[in-house]
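Colleague: Hey, can you walk me through this one? I'm new to reading models.

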Amino acid sequence: MSKDRFEEFLTANEKRIYHYIWALTHHEADAQDVVQATFIAFYEHIDGIEESSAVSYLYRIAHNKSITHIKQRGRYVQTDPVLFANLPDKPAPAPDQDYTPLHAAIASLPVKLATVIQLQYFESLSYKQISAQLGISVKAVESLCVRAKKLLRKKLLKVSSD
Amino acid sequence: MRCSNAQSMIILKLDKELRARYSASLEKHLAACSACRLFREEMLSQNSRFASLSQPAVAPWIHSRILDQAAAHDNRRLRSRMIFQLEKIPALAAVLLSLYIGTLVGIKTHNSTSASASAQISSGQTTEVASFGENSLVDESYYNGGSDE
């Protein structure tokens, strides 16, 4: 992909990538940091990225960056003794108010399945459009979509039973 | 039809992606299978829950911030490329200098050897030159079985 097309690509994908990262990190400020890091990492390698698989590649970067960010957030050490004494048990910040078990269920899916679900549920794309976006066959989209929805159903049933 | 296949078809049907030729067999299965009917209801409810899910708005400054960072990245790369090219200049100068010094040393050595050779010739000290086939190292008596005759 050429650098000239980056801005157009950014405009087309920033929203969906932000939502995906937000679902993974549960936190607005973290999602804002990670989305910037994701697009910059994409831009650094833009010359070697095939146009057909650019969106899949972007989701993969977003996933890896989010996981790294979450791990780093967990490693953060508070040195002030007063603040340290008042630290909550879980180091992760509280999720935003909009965050629901449905978002958590999407975040727990493997990146390929989560990508398809994002494009299908939130952008209402047809399987053909998803296949064009991700550079895979319609059959593959069908298979991913079926697997993702069955997995989501299982997770949501488990959440409701808990 | 197995229930797992039927459930996959239900998902495709709800997404309006099921091929028409499978519809009749799916309907037949659904009429006979209560578990798959329940699955269809659950999937309908799941789809509507996800469709009504709110997504956070993207802050408008993120777009311009990313573009700024991309431009800064380009500048950094350009600067490092320029520095790399500047590093070539002293390397090239070193190569040229070594070639020049080597040439000078070569000319000087050549001149000194040719001067000493011409001095030797002028003083009458000539070296004996062995002609082809002549053996100057082995004594002739060696070939004559050790006798001098």
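Colleague: How much of chain A is buried?
Modeller: Buried residues are 32% of the 162 residues in chain A. A residue is buried if 20 or more other C-beta atoms lie within 10 Å of its own, exposed if 12 or fewer, and partly exposed in between, with C-beta atoms placed from the backbone. One caution: this is a predicted model, where local features need pLDDT of at least 70 and side-chain atom pairs count only at pLDDT 80 or more, while totals for chains, interfaces and linings use all residues. Residues are numbered from 1 along each chain as its sequence is written, and chains are lettered from A and ligands numbered from 1 in the order in which they are written.

Colleague: And what share of chain B is buried?
Modeller: For chain B, buried residues make up 8% of its 149 residues.

Colleague: What secondary structure does chain A have?
Modeller: Chain A has eight helices and zero strands. Helices (H or I, at least four residues) and strands (E, at least two) are DSSP runs, numbered from the N terminus. Chain B comes to five helices, again with zero strands.

Colleague: Which residues touch the most other members of the largest nonpolar core?
Modeller: Those are Tyr20(A), Ile21(A), Leu58(A), Val116(A), Ile117(A) and Cys145(A), out of 45 residues in that core. A nonpolar core is a set of buried Ala, Val, Leu, Ile, Met, Phe, Trp, Tyr and Cys residues joined through C-beta atoms within 7 Å.

Colleague: Which helix gives the largest share of this core?
Modeller: Helix 1 (residues 6-25) of chain A, with seven residues.

Colleague: What is Cys145(A) in contact with, leaving aside neighbours within four places in sequence?
Modeller: Its partners are Val116(A), Gln120(A) and Tyr127(A), plus Ile11(B) and Asp15(B) from chain B. Two residues are in contact if their C-beta atoms, placed from the backbone, lie within 7 Å.

Colleague: How do helix 7 and helix 8 of chain A cross?
Modeller: The axes of helix 7 (residues 127-134) and helix 8 (residues 138-161) of chain A come within 8 Å and cross at roughly 105 degrees. Axes are lines fitted to C-alpha atoms, for helices over the stretch in contact, and angles run from 0 to 180 degrees between N-to-C directions. The two helices are therefore roughly perpendicular to each other. On that scale, angles under 35 degrees are roughly parallel, over 145 roughly antiparallel, 65 to 115 roughly perpendicular and the rest oblique.

Colleague: Which residues make the contact?
Modeller: Helix 7 of chain A brings Tyr127(A), Lys128(A), Ile130(A) and Ser131(A), while helix 8 of chain A brings Val138(A), Val141(A), Glu142(A) and Cys145(A).

Colleague: New topic: how many residues of chain B are in contact with chain A?
Modeller: 25 residues of chain B are in contact with 30 residues of chain A. On the chain B side, helix 4 of chain B gives the largest share, eight residues.

Colleague: Is Ser126(A) buried, exposed or partly exposed, and why?
Modeller: Ser126(A) counts as partly exposed because it has 15 C-beta neighbours inside 10 Å. Ser126(A) lies in the loop between helix 6 (111-122) and helix 7 of chain A.

Colleague: Where is confidence lowest in chain A?
Modeller: In helix 4 (residues 81-85) of chain A, at a mean pLDDT of 65, whereas helix 2 (residues 28-44) of chain A is highest at 91. pLDDT is the predictor's confidence in each residue, from 0 to 100. Chain A as a whole has a mean of 84, and chain B averages 82.

Colleague: What does the predictor give the complex?
Modeller: An ipTM of 0.71 and a pTM of 0.65.
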